[in-house]
Amino acid sequence: MLATGYAGILNPTKWPLLALAGYTFPVFLIATVIFMLMWLFVKKRFVLISFIALIAAYGPTTLYCPVAWGKNTDGTAENRLKVLTYNTCNWGKGSRGGTDREDFRHMLDYLHSQKADVMCLQESAPSTQIYELFDSIFSDGPRYHMDTICSPVSGGLTVTLISRFPIKRKQRIDIQSKGNNAAAFWVEIPKEEGGGKPVTLCIVNCHLETMGMSVKEKDEFSTAMHSMAHGNAEKDSLRSLSHHLIGKISAASQIRALQADIVSDFIARQMTEHPEMPLLVCGDFNDIPHSYTHYRIQHPQRLDTEGTADIAPLTDCYQEAATGPGYTIYQNAMRVRIDNILCSQQFTPIHTMTDRSVRMSDHFPVIALLEFYR
């Protein structure tokens, strides 16, 4: 359990198989809990072994399945920030069986209803219809701003920011991908009433390398999981499918590791050059919490290794202020959390959740309420 829980520190480009051990952490965690309960009835003194192991794995356990006990805060609405990240799967196109415009309107109606201050969207290529509907739907209430950065590759993915604050500038982060994308947006938070000055907030929005599994492979995986659950799976077919999927996952993890290093380097430079600037990282990491991708982005490090010792790790908002596994992708028997909101030390997460009531994409949105210290 400890080995799989901390496997995320291993770089898949150097440890292609060992780095994947984090995918099995939930299995060993559940097994350890079962053993602890068993020892209560067999040999009580052995309970201490499992108990110590669970204490040692507190970090990985809360990363997989946190339990939020509630936050004591005296904050007001003025110093709170509501953040949403959502892979919209092309603005929910085809999700309701209607026209594209109806699907787009339904998606934008949902986003508008959340009244989030910052909304980071992935797989969100803009169109004339999107801009027209945005101007219409978001005309009610405070003004919102929308901007996008498209992949330089034809057919590549787009990341979008919808913000209650003016977007001052944007920059594409070159993650060296054929179709994925990462970008930074800088927004200006107005000064507080009675004093202070405007605050610049840096928001990193990214969509990293997918597993590269085809629809057929996802269906085969789903069928295999259902067969295993009912005890009907054939060993040879499972072994063949497992080897094939491990190869796919390993290859994608190595590509994603390089992308995570580039995003981590960008974050580290922002935090060292502008230590007072608050920073958010949102997006579809396409990897589990116990992965090198998540670990490297949460622990920013410059590629030249210069000046990295004093960089504080980012806070995983879900780990800090949510309860339960919180999976964000739910199709084809896959139940994992791959969408994230991370924040710098200027923020304290108060509450985080995945909104499972909305099914306009193959992802669930993640929503976090943060207390902001200027």
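Author: Gladly! The largest cavity has Pro 12, Ala 19, Leu 20, Tyr 23, Ser 253, Asp 287, Ile 288, His 290, Ser 291 and Tyr 292 as its lining. A cavity is a set of points, on a 1 Å grid over the protein atoms alone, where a 1.4 Å probe fits but cannot get out, and lining residues have an atom within 4 Å of a point. This is a predicted model, where local features need pLDDT of at least 70, side-chain atom pairs count only at pLDDT 80 or more, and totals for chains, interfaces and linings use all residues. Residues are numbered from 1 along each chain as its sequence is written, and side-chain values use heavy atoms, leaving out hydrogens and water.

Reader: What volume does the largest cavity have?

Author: About 50 Å³, and the count is 1 cavity of 30 Å³ or more.

Reader: Is strand E10 buried or exposed?

Author: Buried means under 20% relative accessible area with a 1.4 Å probe, protein chains only, and strands are DSSP runs of at least two E residues, numbered from the N terminus. In E10 (residues 339-343), 5 of the 5 residues are buried, so the strand is largely enclosed by the rest of the structure.

Reader: Which way do the side chains point?

Author: In a regular strand they alternate between the two faces of the sheet. Here Asp 339, Ile 341 and Cys 343 point one way from E10, while Asn 340 and Leu 342 point the other way.

Reader: Which strand pairs with E10 over 5 bridges?

Author: Pairing requires at least two DSSP bridges between two strands. Strand E8 (residues 279-284) pairs with E10 in the antiparallel sense, with Asp 284 bridged to Asp 339. Strand E9 (residues 315-316) also runs antiparallel to E10, joined by 2 bridges, and Thr 315 stands opposite Cys 343.

Notes
Buried < 20%, exposed > 50% of the residue type's maximum accessible area, 1.4 Å probe, protein only. Helix = DSSP H or I, 4+ residues; strand = E, 2+ residues; numbered from the N terminus. 1 Å grid on protein atoms, 1.4 Å probe; cavity = no way out; pocket = protein on both sides within 12 Å on 5 of 7 lines; lining within 4 Å. Points joined across faces, edges and corners; volume = space filled by probe spheres on them.
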